[in-house]
Amino acid sequence: MKDKTIDYLLRTTWLAVIKMYNEEASKFDGSMAIGFALLSIDKEDGTPSTFISNRMGMEPTSLTRTLKTLEEKGLIFRMKNPDDGRGVLIYLTDLGKEKRELSKSTVLKFNEVIKKNISEEKLNHFMEVSDIINDLIAEKKIF
């Protein structure tokens, strides 16, 4: 590994992915956070706001800012949850659905290019290692 820790490789790879997505999203007046938020919202039935932060692995305060941006851009609207008066459902506008499809095709293209350039065996190992790291962290076996 030549002085590169696993942590360093994960961090720098993820930062490169973020930069790549943000560069692509900026062409469409967006960001990676906006794209992932749109992908986390059910395109027909809406999604409780509390589910979105969980799906995105995002803190609720950060999600609040992202949702405000989505609303300002006309990509979402909020409605009271008819099943739970305390909650709010987030729905996509027509423009939001359009941008969601664009985000989806961007993510699928990323996956397609990776799959073309990395063998299935190596990808399976990557998935397995990622799952083990996530399990070790979730089970608090590191710290």
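I looked up the largest pocket and got about 1000 Å³ of space. Here a pocket is an open set of points on a 1 Å grid over the protein atoms alone, where a 1.4 Å probe fits, with protein on both sides within 12 Å along at least five of seven lines. The volume is the space filled by probe spheres set on the points. Two or more lining residues come from each of α1 (6–26), α5 (94–117) and α6 (120–138). I noted α6 as the top contributor, with nine residues.

**Caveats.** I'm working with a predicted model, where local features need pLDDT of at least 70, side-chain atom pairs count only at pLDDT 80 or more, and totals for chains, interfaces and linings use all residues. Numbering runs from 1 along each chain as its sequence is written, and side-chain values use heavy atoms, leaving out hydrogens and water.

**Fold.** I read six helices and three strands (DSSP runs: H or I, at least four residues; E, at least two). Their order along the sequence is α-α-β-α-α-β-β-α-α. The C-alpha box along the principal axes is roughly 55 × 35 × 25 Å.

Of the 143 residues, 22% are buried (under 20% relative accessible area, 1.4 Å probe, protein chains only). For contacts (heavy atoms within 4.5 Å) with a separation of 6 or more, I got 45% between residues 24 or more positions apart.

Methods:
Buried means under 20% relative accessible area, exposed over 50%, partly exposed in between (1.4 Å probe, protein chains only). On a 1 Å grid over the protein atoms alone, a cavity is a set of points where a 1.4 Å probe fits but cannot get out, and a pocket is an open set with protein on both sides within 12 Å along at least five of seven lines; lining residues have an atom within 4 Å of a point.
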